[in-house]
Amino acid sequence: MDKLEIIYARSHDLVEREIEGELIIVPLTSGIGDLEDELFSLNEIGRDVWARIDGKRRVSQIVKELEKIYDGEREKITADVLGFLAELAKRKLIVEESPCQVT
Amino acid sequence: MSGYLEELELPHFHLWEKTEEKRIPLSVEIELTERCNNNCIHCYINLPADDEEAKKRELSFEEIREIVDETLQMGCLWWLITGGEPLLREDFADIYLYLKKKGLLTSVFTNATLITPELVSLFKKYPPRELEITVYGVTEKTYERITRTPGSFEAFRRGINLLQKENVPFTLKAMALRSNVSELEAIKAFCKSLSKGPFRFDPFLHLRLRPNGKRNRQIRNERLSSQEIVAIELGDKERKKGLLKQICEEKKIGQETVPFNDNNQLFYCGAGKASFAIDSYGFFKLCSSLYHPDCVYDLRKGSLREAWEKFVPQVRARTAENKECRERCLHCSLINLCMWCPATAYLECGKLDKWVEDFCQIAHARAEGLANIE
């Protein structure tokens with residue numbers, strides 16, 4: 001499957017907290033994140049991607065929307081977004097949504 | 001790493017500084033109950049497990065949820081559940097899960113004797129930030145000499161085994177007291193064989209939070225002498241290294257006395273800056289040991305926000321009236337080596353601003369021991 005066609009959703013096994021303007025991701029169950037007690041924080045670009053991981057948008061759409069916000073070549077933005085999503089998926093912070101779940 | 005995602009390790013958590021500046025209560029400690037199934041000879045808080053009066057007065061799950069929700073609005077990130085023995089609460093799992101599902105890092109202090117397969121499953125699926133277990137002895141005789149509860153050693157071993165079997169991580173720590181000091185090396189070996197990191201032991205026994213002459217005499221009898229404490233501390237490589245690094249390098253022990261507290265402020269510590277404690281009955285405290293009646297706030301009659309925003313600054317503004325305390329404690333260069341603080345001074349002699357001879361002796365013995373190493 002073309003990576004740009006994938007739809008991701010945020011894992012149900014985490015809790016998002018906003019503290020002092022920072023988005024903190026707290027893993028809820030074991031196996032989320034590399035270490036059980038690890039927390040994650042997203043920078044501004046990370047937050048812009050994270051906000052669009054909603055179980056509805058395809059990766060291509062996320063890239064398209066980011067192109068409107070950030071300067072840069074489409075290839076570079078695509079590579080960055082794919083890299084970031086792969087990292088989130090590796091840590092099980094996001095999951096691939098199966099096509100039948102998407103309405 | 002793409003650079004968009006940052007892993008946060010708590011010791012280097014950059015929010016700590018921000019939260020202290022803005023007085024955000026990042027960390028909360030709750031004593032779920034003062035009741036305990038053990039009756040440890042040195043304990044500063046325990047009531048019998050079947051104390052119905054205490055049980056009736058304890059915060060309900062509903063009340064705890066309200067407090068949790070308020071702390072979340074205030075930016076809290078970390079809750080420590082302690083006691084008494086918190087696993088005695090029939091609703092422990094509900095409270096624990098509520099904290100976890102709200103995105104709070106949740107730590108638990110327990111004696112492990114009430115660990116069940118169901119609790120192991122809970123901790124396995126929803127891992128605590130820390131699960132800390134106190135070891136009183138490694139033989140039944142020593143363990144139960146302290147807990148004064150027949151069968152407690154077997155229950156403790158069973159609890160540890162259940163956690164081990166399911167690979168639920170935990171940390172072991174010990175209290176060093178008269179009744180187990182002869183076994184301390186074996187306790188150390190046991191702790192190090194089962195949990196990572198340096199051997200954590202505490203030779204400083206607090207007196208009862210609520211004055212109790214008989215129990216306080218027992219606690220005093222269990223305290224090790226200053227020489228014994230120093231010998232144990234300096235005999236432990238990691239403890240010695242830590243003390244040297246944290247205290248000697250920073251404070252230059254024995255070289256000069258630096259008056260760092262010109263205003264004679266009693267609360268030189270971090271109590272109430274980014275953390276607070278709540279007792280079993282809903283009393284707010286700046287730290288778990290601070291039980292002076294003027295320093296506690298009844299959350300059942302007020303609000304957490306008022307306690308944090310109005311009450312804490314009032315308490316922290318208190319100054320020492322006692323001349324001896326001002327001269328001997330608040331301006332002492334050994335204060336970081338001393339058990340003295342307003343909370344422990346109150347427990348020892350009923351006043352927040354009183355010099356405590358025993359503590360002073362220990363601090364000087366520690367300083368002398370450390371200075372000799374240098």
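Biologist: Which residue in strand 9 of chain B does B:Met175 stand opposite?

Modeller: B:Met175 stands opposite B:Asp202, and please keep in mind throughout that this is a predicted model.

Biologist: How do strand 8 and strand 9 of chain B pair, and over how many bridges?

Modeller: Strand 8, which covers residues 171-175 of chain B, pairs with strand 9 of chain B in the parallel sense, and the pairing runs over three bridges.

Biologist: What sheet do they sit in, and what is the strand order?

Modeller: They belong to an open sheet of nine strands in chain B, where the order is 9-8-7-6-5-2-10-11-12 and the pairing is mixed. At the edges are strand 9 (200-202) and strand 12 (296-298) of chain B, each of which pairs on one side only. On average, neighbouring strands of this sheet are turned by 25 degrees against each other, with direction ignored.

Biologist: Switching to helices: at what angle do helix 3 and helix 4 of chain B pack?

Modeller: Helix 3 (residues 61-73) and helix 4 (residues 92-101) of chain B pack at about 15 degrees, and their axes are 11 Å apart. Angles under 35 degrees count as roughly parallel, and therefore helix 3 and helix 4 of chain B are roughly parallel to each other. Helix 3 of chain B passes helix 4 of chain B in a right-handed crossing.

Biologist: And which residues meet there?

Modeller: From helix 3 of chain B come B:Phe61, B:Ile64, B:Arg65 and B:Val68, which meet B:Asp94, B:Ile95, B:Tyr98 and B:Leu99 in helix 4 of chain B. Sorted by class, this contact between helix 3 and helix 4 of chain B has six nonpolar residues, two charged residues and no polar ones.

Conventions. Residues numbered from 1 in each chain as written. Chains lettered and ligands numbered in written order. Predicted model: local features only at pLDDT ≥ 70, side-chain atom pairs only at ≥ 80, totals over all residues. Pairing = 2+ DSSP bridges. Helix = DSSP H or I, 4+ residues; strand = E, 2+ residues; numbered from the N terminus. Axes fitted to C-alpha atoms, helices over the stretch in contact; angles between N-to-C directions. Parallel < 35°, antiparallel > 145°, perpendicular 65-115°, else oblique. Left-handed = near helix turned anticlockwise from the far one by under 90°. Contact = placed C-beta atoms within 7 Å. Nonpolar A, V, L, I, M, F, W, Y, C, P; charged D, E, K, R; others polar.
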